[in-house]
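Please consult the sequence and structure shown below.

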Amino acid sequence: MMRVRDRYGALLLDLDGTLYRGQAVIDGAPAALADGSQRLVYVTNNASRGPAVVAEHLAELGFRAGTGDVVTSAQAAARLLAERLEPQAQVLVVGTDDLAAEVSAVGLRPVRRFNGSAPAAVVQGHSPETGWPDLAEAAYALRADALWIAANTDKTLPNERGLAPGNGSMVAALRAASDREPIVAGKPYAPLLEDALVRAGTRDALVVGDRLDTDIEGAQCVELDSLLVLTGVSTLADLAEWPEHLWPTYVANSLDALNQPPVPASGGGIGDLADTLRDNPGRAVTVRASRSEIR
């Protein structure tokens with residue numbers, strides 16, 4: 001039987017909670033990804049670091065990754081800004097210097113504060129340094145009708161200690177302060193994954209991630225198959241509460257399942273799925289027909 005990964009030409013891989021937690025690699029992840037010829041594209045909703053820094057971190061953890069293999073929500077957010085604004089338009093950045101660098105790279109002018117005329121847009125991405133003054137400055141701009149692009153809306157961010165507040169928690173603060181809704185670049189919305197597909201050079205791709213509300217729902221948004229790995233945020237209990245039409249194609253306990261043929265679920269319930277995973281260690285369970293089978 002064909003391994004899960006060999007059904008696809010590319011793997012679109014989430015990072016936090018899928019390959020590592022904070023600075024700690026998830027056991028076995030580098031070896032699991034190394035066993036194949038598929039194009040590997042690392043797709044992160046975290047806008048705090050540039051692709052070169054992300055690639056260096058991945059390489060240090062043992063993954064095969066170069067700068068060109070990384071696609072970030074900061075890059076997707078910058079593209080959305082460039083499509084909507086005039087060259088050299090002023091953009092208020094709530095996030096890291098790496099996010100500001102992506103804004104500069106598309107011909108726009110990042111600022112941190114403004115006096116007089118409001119900036120044309122606000123772009124918001126995760127930064128552990130974001131504080132009340134940053135959010136207040138953004139709220140003033142949004143109240144003055146600036147365009148609002150959020151890199152992502154993940155409520156939490158997994159690290160070695162557990163789940164920390166993610167960019168979505170900061171977006172929620174601005175939403176409450178401005179009565180506005182952002183355009184979102186990252187998963188589960190299409191822009192980031194569409195950029196990843198361009199980088200992969202094929203739509204014959206499998207989305208791999210640990211979150212139902214970003215990775216798996218995002219795969220549905222761009223009509224791709226998906227693998228939920230239970231190494232990060234989402235659990236089988238979460239899946240039980242998730243709408244079945246948004247379920248992943250496969251569920252597995254780890255990335256090792258990429259290198260084995262999948263097994264069918266033994267029944268229709270979460271208890272049956274848990275039993276099948278327990279009885280088939282290292283294997284993915286098929287819980288939804290793949291799009292190639294539907295076609």
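The text below treats the annotated residues and then the nonpolar cores.

This is a predicted model, in which local features need pLDDT of at least 70 and side-chain atom pairs count only at pLDDT 80 or more, while totals for chains, interfaces and linings use all residues. Residues are numbered from 1 along each chain as its sequence is written, and side-chain values use heavy atoms, with hydrogens and water left out.

**Annotated residues**

An unreviewed UniProt entry gives the annotation "binding site" to Asp 14, Asp 16 and Asp 210. They span 197 residues in sequence, yet no two of their C-alpha atoms are more than 8.2 Å apart, so they gather at one spot. Asp 14, Asp 16 and Asp 210 are included in the lining of the largest cavity. A cavity is a set of points, on a 1 Å grid over the protein atoms alone, where a 1.4 Å probe fits but cannot get out; lining residues have an atom within 4 Å of a point. For "binding site", the unreviewed UniProt entry also lists Lys 187. Such annotations may be inferred rather than shown by experiment.

The table gives relative accessible area, where buried means under 20% (1.4 Å probe, protein chains only).

| Residue | Relative accessible area | State |
|---|---|---|
| Asp 14 | 7% | buried |
| Asp 16 | 13% | buried |
| Lys 187 | 2% | buried |

Asp 14 is placed in the loop between strand 1 (10-13) and strand 2 (20-21), and Asp 16 lies in the loop between strand 1 and strand 2. Lys 187 is found in the loop between strand 12 (183-184) and helix 7 (190-200). Helices (H or I, at least four residues) and strands (E, at least two) are DSSP runs.

The side chains of Lys 187 and Asp 14 are joined by a polar contact of 3.1 Å. Asp 14 also makes a side-chain polar contact of 2.9 Å with the side chain of Thr 18. A polar contact is a pair of N or O atoms within 3.5 Å, one able to donate a hydrogen and the other to accept it.

**Nonpolar cores**

A nonpolar core is a set of buried Ala, Val, Leu, Ile, Met, Phe, Trp, Tyr and Cys residues joined through side-chain atoms within 4.5 Å. The largest has 35 residues, of which Leu 12, Leu 81, Leu 85, Val 91 and Val 123 touch the most other members. Domain 1 (2-44 + 186-291) and domain 2 (72-182) both give residues to this core, so it lies between them. The domain bounds come from an automatic or database assignment. A second, separate core of 29 residues includes Val 54, Val 208, Val 229 and Ala 257.

Note on methods
Buried means under 20% relative accessible area, exposed over 50%, partly exposed in between (1.4 Å probe, protein chains only). On a 1 Å grid over the protein atoms alone, a cavity is a set of points where a 1.4 Å probe fits but cannot get out, and a pocket is an open set with protein on both sides within 12 Å along at least five of seven lines; lining residues have an atom within 4 Å of a point.
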